[in-house]
Amino acid sequence: MKKGKKLYEGKAKIIYACAEKNLVIQHFKDDATAFNNQKKSVIEGKGILNNRISEHILTCLSQAGIKNHLVKRINMREQLIKYVSIIPIEFIVRNIATGSLTKRLGIEEGTVLDNPLIEYCLKDDKLGDPLISKEHILTFKWATKKEIEKIDKQLNRINDFLVGMFRGVGIKLVDFKVEFGRLKNSNEVILADEISPDTCRLWDMNTDKKLDKDRFRNNLGNLVEAYQDVARRLGILHEQSNIRPIKFPRPKAVKLKKNK
Ligand code: 5GP
């Protein structure tokens, strides 16, 4: 699929037009940003891993009946996706208290929530993605009541599915952020963007080791290794991709006897 002109560049992805009117190409960059763009870096290989992990998760969600924008992965860094106009809201679902929730409300880090907590943030970097209420969404017409009701139901289903999927591979799904968009031709709201260790908090079940973007946010290092661990556990990174070349001892030079 040939790439057309650049339509949009975000912090971690670029959207390109393509020959199909209702489809676009989503390119995963290696750029990492945190704290509203104040911390920036390029982490080689991150985009490739997020492309593969997000493809896997969105494919599983689609099989579970959660419609989303993914058509197919087309190469190491790119996916063909349905063209949507993104609703300007970050939808956050939390199972365990950490991050901005603990800072904002003083909830003890690691508190397991009785029920998943849904939060809405306005997607606006200049304002620092502020927390908003359902009333803000309706008052400023960022989405309709019907759309939000449908999205809330889907968020709970996505959370149930992902909690189970990650639990099966020894990972706690602490929280995640997703985005939804309206299809260009029908206005139907579907899940969009990506679901990856960039957008989720993932802790090892036994050790609580962080396997997500908090490794970058909190200078913990080894981000690519953690994302590889997630991919390997999900069965989408095969062992040989992590095997270092085996060093064989150099064969000793053998002197050939000259034919007399
Ligand atoms: P918090 O509000 O605690 O910072 O984040 C809650 C969850 O949403 C975390 O899993 C975090 O990774 C995700 N999240 C929130 N805002 C963003 C964002 O702007 N970009 C990305 N990639 N993830 C976000």
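**The ligand site and its charged side chains**

A: In this predicted model, an N or O atom in the side chain of R217 is 2.9 Å from an oxygen atom of the ligand. The protein buries 83% of the 490 Å² that the ligand exposes when taken alone. The shell comprises 15 residues, and the closest are R94, S100, D175, D198 and R217.

Two further side chains make polar contacts with the ligand. A polar side-chain atom of D175 lies 2.6 Å from a ligand oxygen atom, and for R201 the distance from an N or O atom of the side chain to an oxygen atom of the ligand is 3.0 Å.

D175 and R201 also meet each other in a salt bridge, at 2.7 Å from N to O. This pair links distant parts of the chain, with R201 in strand 14 and D175 in strand 12, 26 residues apart. Both R201 and D175 are buried. The two belong to a network of salt bridges that also links R94, R104, E119, D214 and R217.

K213 is buried but has no salt bridge, and D198, the nearest side chain of opposite charge, is 5.1 Å away. A polar atom of the K213 side chain does lie 2.8 Å from the backbone oxygen of T33. Leaving aside residues up to four places away in sequence, K213 touches T33, P197, D198, L223 and Y227.

Strand 12 takes part in another charged pair. The side chains of E147 and R182 meet in a salt bridge at 2.8 Å, N to O. Here E147 in helix 4 (residues 145-167) is linked to R182 in strand 12, 35 residues apart. E147 has 13% relative accessibility and therefore counts as buried; R182, at 17%, likewise counts as buried.

In total, the structure holds 28 salt bridges.

Key. Residues are numbered from 1 along each chain as its sequence is written. This is a predicted model: local features need pLDDT of at least 70, side-chain atom pairs count only at pLDDT 80 or more; totals for chains, interfaces and linings use all residues. Side-chain values use heavy atoms; hydrogens and water are left out. Buried means under 20% relative accessible area, exposed over 50%, partly exposed in between (1.4 Å probe, protein chains only). Lys and Arg count as positive and Asp and Glu as negative; His and the chain ends are not counted. A salt bridge is a side-chain nitrogen of Lys or Arg within 4 Å of a carboxyl oxygen of Asp or Glu. A polar contact is a pair of N or O atoms within 3.5 Å; within protein, one must be able to donate a hydrogen and the other to accept it, and residues adjacent in sequence count only if both atoms are side-chain atoms. Contact means heavy atoms within 4.5 Å. A residue is near a molecule or strand if one of its heavy atoms lies within 4 Å of it. Accessible areas come from the Shrake-Rupley method with a 1.4 Å probe; for residues, only the protein chains shown count as cover. Helices (H or I, at least four residues) and strands (E, at least two) are DSSP runs, numbered from the N terminus.
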